[in-house]
Amino acid sequence: MPKLEWTTHSREETIQHGREIGAGLKVPVLILLSGELGAGKTTFTKGLVSGIGAAEEDDVTSPTFTLVHKYERGTAAQKGQNKPEAGARVYHVDLYRVGNFHDLETLGLEDVFSEHAVVIVEWPDRFTLRTDWPVVRVHLEHDDEEIRRITVES
Ligand SMILES: Nc1ncnc2c1ncn2[C@@H]1O[C@H](COP(=O)(O)OP(=O)(O)OP(=O)(O)O)[C@@H](O)[C@H]1O
Ligand SMILES: [Mg+2]
C-alpha cells in the first residue's frame with residue numbers, strides 16, 4: 001500500500017475511508033492508530049470493522065474501559081457473501097488506560113497474535129507490541145472542529 005493522505009470534513013467521510021481500507025486488508029494485520037484525544041481513531045475504526053465485515057459501524061464503540069473489544073461475524077451465510085475475509089476476527093484495543101506491563105499482559109494480546117485476525121490499537125505508543133505481523137500505521141490529526149487529516153502507511 002502506498003502512503004495515503006486525506007482531509008475529511010465529517011465523521012462519515014472518515015468512516016468511509018476506514019471502510020475502504022478495511023475492505024482491502026490482508027489478514028493477519030496489526031493496525032496502529034495514533035492521534036490525540038478526539039482525533040477520530042474510534043470513528044475510523046467503525047469504518048475499518050465494517051469494511052472487514054466483522055460488525056456494523058454502529059456496533060463498534062470505544063473500548064475505553066473494557067480495553068479490548070472483539071468483533072466477529074462467523075455464520076456460514078455471511079461467509080458466503082463475497083466479501084473479502086468476511087468472518088475475520090477483529091480485536092480493537094485502547095491502550096490509553098493501560099498503566100504498566102502487568103496490565104498489558106492481562107489483556108492477553110500474545111494469544112491474539114497467534115490467531116488469524118486483525119488487531120486495531122489506539123494509543124499504540126504507550127507500549128511496544130511484539131509481533132511479526134505486517135503493520136499498517138494510521139495517523140489522525142485534528143485540524144478544526146470537523147476537519148481531520150489522515151495518513152495511512154504500511
Ligand atoms: N472529520 C471527522 N472525522 C472523524 N471524527 C470527526 C470528524 N469531525 C468531527 N468528528 C467527531 O470527532 C470525534 C472523534 O472521536 P473519536 O472517539 O473517534 O476519537 P478518538 O481519537 O478515538 O479519541 P480517544 O483518544 O478519546 O479514544 C467524534 O465525536 C466525531 O463525531
Ligand atoms: Mg478512541
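Let's start with strand pairing. Strand β3, residues 68-71, pairs with β4 in the antiparallel sense, over four bridges. Two strands count as paired if DSSP finds at least two bridges between them. Strands here are DSSP runs of E with at least two residues, helices are runs of H or I with at least four, and both are numbered from the N terminus.

A word on the source. This is a predicted model: local features need pLDDT of at least 70, side-chain atom pairs count only at pLDDT 80 or more, and totals for chains, interfaces and linings use all residues. Residues are numbered from 1 along each chain as its sequence is written, chains are lettered from A and ligands numbered from 1 in the order in which they are written, and side-chain values use heavy atoms, with hydrogens and water left out.

Back to β4. Six bridges join β4 to β5, and these two run parallel. Here Val90 stands opposite Val118 in β5. How much of β4 is covered? Most of it: five of its six residues are buried. Buried means under 20% relative accessible area, exposed means over 50%, and partly exposed is in between, with a 1.4 Å probe and protein chains only.

Next, helix α2. It has 12 residues, and at 1.5 Å a residue it should span 16 Å. The rule for that expected span is 1.5 Å times one less than the number of residues. The end C-alpha atoms are 16 Å apart, which agrees. Is α2 enclosed or open? 11 of its 12 residues are buried, so the helix is largely enclosed by the rest of the structure. Among the buried ones are Lys41, Thr42, Phe44 and Ile52. After α2 comes Gly53, with a positive phi near 90°.

Which protein residues are donors to the magnesium ion, ligand 2? They are Thr42, through OG1, and Glu122, through OE, at 2.1 to 2.2 Å. Donors are N, O and S atoms within 2.8 Å of the metal (3.2 Å for Na, K and Ca); water is not among the atoms, so sites may look incomplete. Thr42 sits in helix α2, residues 41-52, and Glu122 in strand β5, residues 117-122. They are 80 residues apart, so the pair links distant parts of the chain. Thr42 is buried at 17% relative accessibility. Glu122 is buried too, at 3%.

Now the inside. The largest nonpolar core has 25 residues. Such a core is a set of buried Ala, Val, Leu, Ile, Met, Phe, Trp, Tyr and Cys residues joined through side-chain atoms within 4.5 Å. Which members touch the most others? Ile31, Phe44, Val118 and Val138. β2, α2, β5, β6 and β7 each supply at least two residues of this core. The largest share, four residues, comes from α2. Apart from this core lies another, of 19 residues, among them Val98 and Phe113.

Look at Val138. Beyond residues up to four places away in sequence, Val138 touches Ile31, Phe44 and Thr151, among others. Contact means heavy atoms within 4.5 Å. Thr151 is in strand β7 and is buried, at 19%. The C-alpha atoms of Thr151 and Val138 are separated by 5.6 Å, though the two are 13 residues apart along the chain. Contacts of Thr151 outside its sequence neighbours within four places also include Lys3, Leu4 and Glu5.

Last, aromatic rings. How many aromatic pairs are there? Three. Rings of Phe, Tyr and Trp (its six-membered ring) pair if their centres lie within 6.5 Å; planes under 30 degrees apart count as stacked, over 60 as edge-to-face and the rest as tilted. Take Tyr96 and Trp123. Their centres are 4.9 Å apart and their planes at 50°, so the pair is tilted. Tyr96 lies in the loop between β4 and α4, Trp123 in the loop between β5 and β6, so parts 27 residues apart are tied together. Tyr96 is partly exposed, at 29%.

Then Phe101 and Phe127. Their centres are 5.3 Å apart and their planes at 70°, so this pair is edge-to-face. Phe101 is in helix α4, and Phe127 is in the loop between β5 and β6, 26 residues apart. Phe101 is exposed, at 55%, whereas Phe127 is buried, at 10%.
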